[in-house]
Amino acid sequence: MFRAVLTVAVVLLLAYWCSRLLAKQWVRGNGGANLQVIEQIQIGQNQRILLLKAGKTNYLIGVSQSSVQMLAEVEGEFQAAEPSKPEPLTQLPFRDVLDKYLASRQNKKEEDK
């Protein structure tokens, strides 16, 4: 019984350590001294368009599950978008939310008549 608990604890510790190691590598992988992802947009389930800056040159790159393709070399200066900070959530009391919902349902029923 003790060996089973010890084995589970060791496996959990190794999983934690590996996840921390991978997280550090992924953070570093998004940009470097000479290559930076300025912006990206997902256009399909497994397809993205990336705006990359390599040195002083900008490239538009198409990425899919099976290939990576340079679409164009782009002129101009671009800045990486800063991550947006979420707006603070303002919570209404439950009674106010319920009253608004019931009023909207009542209005909808009156419009249907």
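**Entry 1: Asn 58**

I began with Asn 58, which sits in strand β3. Helices and strands here are DSSP runs, numbered from the N terminus, with at least four residues (H or I) for a helix and at least two (E) for a strand. I was looking at a predicted model, where local features need pLDDT of at least 70, side-chain atom pairs count only at pLDDT 80 or more, and totals for chains, interfaces and linings use all residues. Residues are numbered from 1 along each chain as its sequence is written, and side-chain values use heavy atoms, with hydrogens and water left out.

Is Asn 58 buried or exposed? I found it buried, at a relative accessible area of 3%. For my notes: buried is under 20% relative accessible area, exposed is over 50%, and partly exposed is in between (1.4 Å probe, protein chains only).

I then followed the side chain of Asn 58 to the backbone oxygen of Gly 76, at 2.7 Å.

**Entry 2**

I read four strands in the order β1-β2-β3-β4, forming an open sheet with antiparallel pairing. Which strands stand at the edges? They are β1 (35-44) and β4 (68-74); each has a single partner strand, so one side of each is left without a neighbour in the sheet. From one strand to the next, the twist averages 20°. (Angles run from 0 to 180 degrees between N-to-C directions; axes are lines fitted to C-alpha atoms, for helices over the stretch in contact.)

Two strands count as paired if DSSP finds at least two bridges between them. I noted Val 63 opposite Val 68 in β4, and Gly 62 with Gln 69 as its bridge partner in β4. The two strands make a hairpin, with four residues between them.

**Entry 3: Ile 43**

Over in strand β1 I stopped at Ile 43. Ile 43 is exposed, with a relative accessible area of 53%. I also checked its C-alpha to C-alpha distance to Ser 64: 9.8 Å in space, for 21 residues in sequence.

**Entry 4: salt bridges**

How many salt bridges does the structure hold? I counted two, taking a salt bridge as a side-chain nitrogen of Lys or Arg within 4 Å of a carboxyl oxygen of Asp or Glu.

One joins the side chains of Glu 77 and Lys 53, at 3.9 Å from N to O. Glu 77 is in the loop between β4 and α2 (94-112) and Lys 53 is in strand β2 (residues 47-54), so the pair ties together parts that are 24 residues apart in sequence. Glu 77 is exposed at 71% relative accessibility, whereas Lys 53 is partly exposed at 23%.

The other joins the side chains of Asp 99 and Arg 95, at 3.6 Å from N to O. This pair is four residues apart in helix α2, about one helical turn. I have Asp 99 as partly exposed, at 35%, and Arg 95 as exposed, at 53%.

Note on methods:
Polar contact = N/O pair within 3.5 Å; in protein donor to acceptor, adjacent residues only side chain to side chain.
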